Amino acid sequence: MRTALTETVAARLGRSHKRARGGRPWLQGVMVLVLVPLLSVMARIRVHGREHVPSEGGFILAPNHPSVLDAFFAALPLLPRRMYFMGMAELWQRPLPAWLMSRVGGFPIVRGTWDRDAFETAEAVIGRGRVLVLFPEGGVSPADGYKPAKPGIGHIAHRTGASIVPVHLSGPRRLYRWWSWPRITVTVGAPIAVARDEEPSRERSLATAEQALAAIKALDPEGDAR
């Protein structure tokens, strides 16, 4: 897939990686100031378990992925800290979405490949003491449950030795019907310690990813992935 990228788009991806590795997502703060009051009117939002969020240092925040709005809700327990997250490289095809994504903390990952640039950026973000949001499922989950865990989050956690903080999001998908004034609950669990490993095997990375997903599911006794 990377070979299909034009030189212009490839350069755009490179600039985004450079910004994530050394810049600050200044636009994220502006969006939070705008969206939090708006969504507080559109939905009943509750956050539980803030005490489990480390106040400093780099770590991985690992939510389930019931909707396209999840990165925003995952950020709520972190405030006032900022986060970084991966987004599919297709979002960088056009200049305006690329500009926005890069300034709200996003950086691209080319799907269908082992994107070394994306993994190196993820490690750099954590190495700078920042928060990296990674979804163990790798994509939006089905309405009736979860996707299987992908090894990527385990690979990054072992490579950096970063702890994984599980987060369960309940209700974001209901915001698609905003007129129903849905209840959205964000529940943060205790951090999972991960041993540093410069070259983790795929099996070890996958086992850690599955552990993170199991911890997410355990935060909701009703098994509601929606």
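K217 is found in helix α7, which spans residues 202–218; helices here are DSSP runs of H or I with at least four residues, strands are runs of E with at least two, and both are numbered from the N terminus. The model is a predicted one, so to speak of local features a pLDDT of at least 70 is needed, side-chain atom pairs count only at pLDDT 80 or more, and totals for chains, interfaces and linings use all residues. Residues are numbered from 1 along each chain as its sequence is written, and side-chain values use heavy atoms, with hydrogens and water left out.

Back to K217: at 38% relative accessibility, this residue counts as partly exposed. The scale is simple: buried is under 20% relative accessible area, exposed is over 50%, and partly exposed is in between, with a 1.4 Å probe and protein chains only.

Next comes β3 (83–88), a strand that is mostly covered, with five of its six residues buried. β3 pairs with β4 in the parallel sense over four bridges, and the bridge partner of F85 in β4 is G106. From β3 the chain crosses through helix α4 (residues 95–103) to β4, and this β-α-β crossover is right-handed, meaning that with the strands pointing away from the viewer, the path from the first strand over the helix to the second runs clockwise. β3 also pairs with β5, again in the parallel sense, over three bridges; there, Y84 has L132 as its bridge partner. Pairing takes at least two DSSP bridges between two strands.

The loops on either side of β3 deserve a look. Between α3 (70–75) and β3 sits P80, and the peptide bond from L79 to P80 is cis, with omega near 10 degrees. In the loop between β3 and α4 sits L91, which is partly exposed at a relative accessible area of 32%. Apart from neighbours within four places in sequence, L91 is in contact with P97, A98 and M101, where contact means heavy atoms within 4.5 Å. L91 and V34 are 57 residues apart in sequence and 22 Å apart in space, C-alpha to C-alpha.

Helix α5 (residues 116–127) has 12 residues and reaches 16 Å from its first C-alpha to its last, close to the 16 Å expected at 1.5 Å a residue; the expected span is 1.5 Å times one less than the number of residues. At the start of α5, a side-chain oxygen of D115 comes to within 3.2 Å of the backbone nitrogen of D117. That falls under polar contacts, defined as pairs of N or O atoms within 3.5 Å; within protein, one must be able to donate a hydrogen and the other to accept it, and residues adjacent in sequence count only if both atoms are side-chain atoms. The buried residues of α5 are A118, F119, T121, A122, E123, V125 and I126. Those residues pack against α1, β2, β3, β4, β5 and α6. After α5 comes G129, with a positive phi near 80 degrees.

α6 (152–160) is mostly covered too, with eight of its nine residues buried. The buried set is G152, I153, G154, H155, I156, A157, H158 and T160. What covers them includes β2, β3, α5, β5, β6 and α7. The helix is followed by G161, whose phi is positive, near 70 degrees.

Further along, W181 lies in the loop between β6 (164–170) and β7. W181 has a phi near 50 degrees, a positive value in a residue other than glycine, and is partly exposed at 44% relative accessible area. In strand β7 (residues 183–188) lies T187, buried at 18%. Leaving aside neighbours within four places in sequence, T187 is in contact with H48, P166, V167, H168 and L219.

As for the record, an unreviewed UniProt entry annotates residues 59–172 as "domain: Phospholipid/glycerol acyltransferase"; UniProt positions are given in the numbering used here, feature names are shortened, and annotations may be inferred rather than shown by experiment. Over residues 59–172 the chain is 32% helix and 22% strand, and the end C-alpha atoms are 24 Å apart. The unreviewed entry also carries the annotation "transmembrane region" for residues 25–45 and 57–79. Residues 25–45 are 81% helix and 10% strand in the model, with the end C-alpha atoms 24 Å apart. Residues 57–79 are 26% helix and 22% strand, and their end C-alpha atoms lie 14 Å apart.
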